[in-house]
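Let me put the thing up on the screen and then I'll talk you through it.

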Amino acid sequence: MTTILALDLGSTTGWAMRLADGIIVSGTMEFKPGRYEGGGMRFLRFRSWLDHLEAGAKGIGTVYVEEVRRHAGTDAAHIYGGFLAHLTAWCELKHIPYQGVPVGTIKRHATSKGNAGKDAVISAMQARGFNPEDDNEADALAILTWAIDTEGGVR
C-alpha cells in the first residue's frame, strides 16, 4: 500500500494522508503571510511543509488535489494558483504522480450531491468516523476517501 496525500489548497490548507500502513491522518496548515514577510514566503513555507510530510510518511506515492475552476475573489484565485504551481513543480521534482479532482466529483462522492454545502461535507466525513476541525480538513478527507474508494477514479 502506498501513501496517498490529499490537499484542499488555500491560505488554510486542508490535508489528509493514508500512510503505507493504512492509518489515516489529517489536519489543516496555515500559510497566511506574517506581518513582515513578503508575499512569496507562504509558498516557501508550503514547499518546506511538503518536504516535512514526505519525510514523515517515508515517501508519498500519489497526490490528489481539489481542482477549483471558479473562485469568489481574485486574491483567492491567485493564492490557489500559486499553491497549485508550487505543488505540481514539487511533485515533478520528486517524481510523484498528482491528479486534480473536480469539486463536484468530490462532493458527489461524499454526499451524493455535487453542489453540497460545507456543512454537508463535514457531516459526511463525521459519518465516516472522522472528526474534521473545519471545512478545509473535511474537503481533504473527502478527496482522500474518493481516491481510496475509486482507486483514483479508475473504477
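This is a predicted model: local features need pLDDT of at least 70, side-chain atom pairs count only at pLDDT 80 or more; totals for chains, interfaces and linings use all residues.

I'll go through the sheet, then the helices, then a couple of single residues.

We've got an open sheet of five strands, and the order across it is 3-2-1-4-5, with mixed pairing. Who sits at the edges? Strand 3, residues 24-30, and strand 5, residues 98-102. Each of those has a single partner strand, so one side of each has no neighbour in the sheet. Going from one strand to the next, the twist averages 20 degrees.

Zoom in on one pair. Strand 1, that's residues 4-8, and strand 2, residues 12-18, are antiparallel, and they pair over five bridges. If you want a landmark there, look for Leu7, which stands opposite Trp15 in strand 2.

Over to helix 3, residues 103-111. Helix 3 lies across strand 4, which is 62-67, and strand 5, and it runs at about 70 degrees to strand 5.

Helix 3 also meets helix 5, residues 135-150: the two axes come within 9 Å and cross at roughly 80 degrees. Anything from 65 to 115 counts as roughly perpendicular, so helix 3 is roughly perpendicular to helix 5. Which residues make that contact? From helix 3 you have Thr105, Ile106, His109 and Ala110. On the helix 5 side the list is Asp139, Ala142, Ile143, Thr145, Trp146, Asp149 and Thr150. Sorted by class, this contact between helix 3 and helix 5 has five nonpolar, four polar and two charged residues.

Okay, single residues. Glu54 is in helix 1. Buried or exposed, this Glu54? Buried: the relative accessible area is 17%, and the cut-off is under 20%. Setting aside neighbours within four places in sequence, Glu54 is in contact with Gly59, Ile60, Trp90, Lys94 and Ile96.

Then there's Met1, in the segment before strand 1. Met1 is exposed, with a relative accessible area of 63%. With neighbours within four places in sequence left out, Met1 still has contacts with Arg18, Leu19, Ala20 and Gly22. Take Leu19: Met1 and Leu19 are 18 residues apart in sequence, and C-alpha to C-alpha they're 8.1 Å apart in space.

That's my tour, thanks.

Technical notes
Residues are numbered from 1 along each chain as its sequence is written. Side-chain values use heavy atoms; hydrogens and water are left out. Two strands pair if DSSP finds at least two bridges between them. Helices (H or I, at least four residues) and strands (E, at least two) are DSSP runs, numbered from the N terminus. Axes are lines fitted to C-alpha atoms, for helices over the stretch in contact, and angles run from 0 to 180 degrees between N-to-C directions. Contact means heavy atoms within 4.5 Å. Angles under 35 degrees count as roughly parallel, over 145 as roughly antiparallel, 65 to 115 as roughly perpendicular and the rest as oblique. Ala, Val, Leu, Ile, Met, Phe, Trp, Tyr, Cys and Pro count as nonpolar, Asp, Glu, Lys and Arg as charged, and the others, Gly among them, as polar. Buried means under 20% relative accessible area, exposed over 50%, partly exposed in between (1.4 Å probe, protein chains only).
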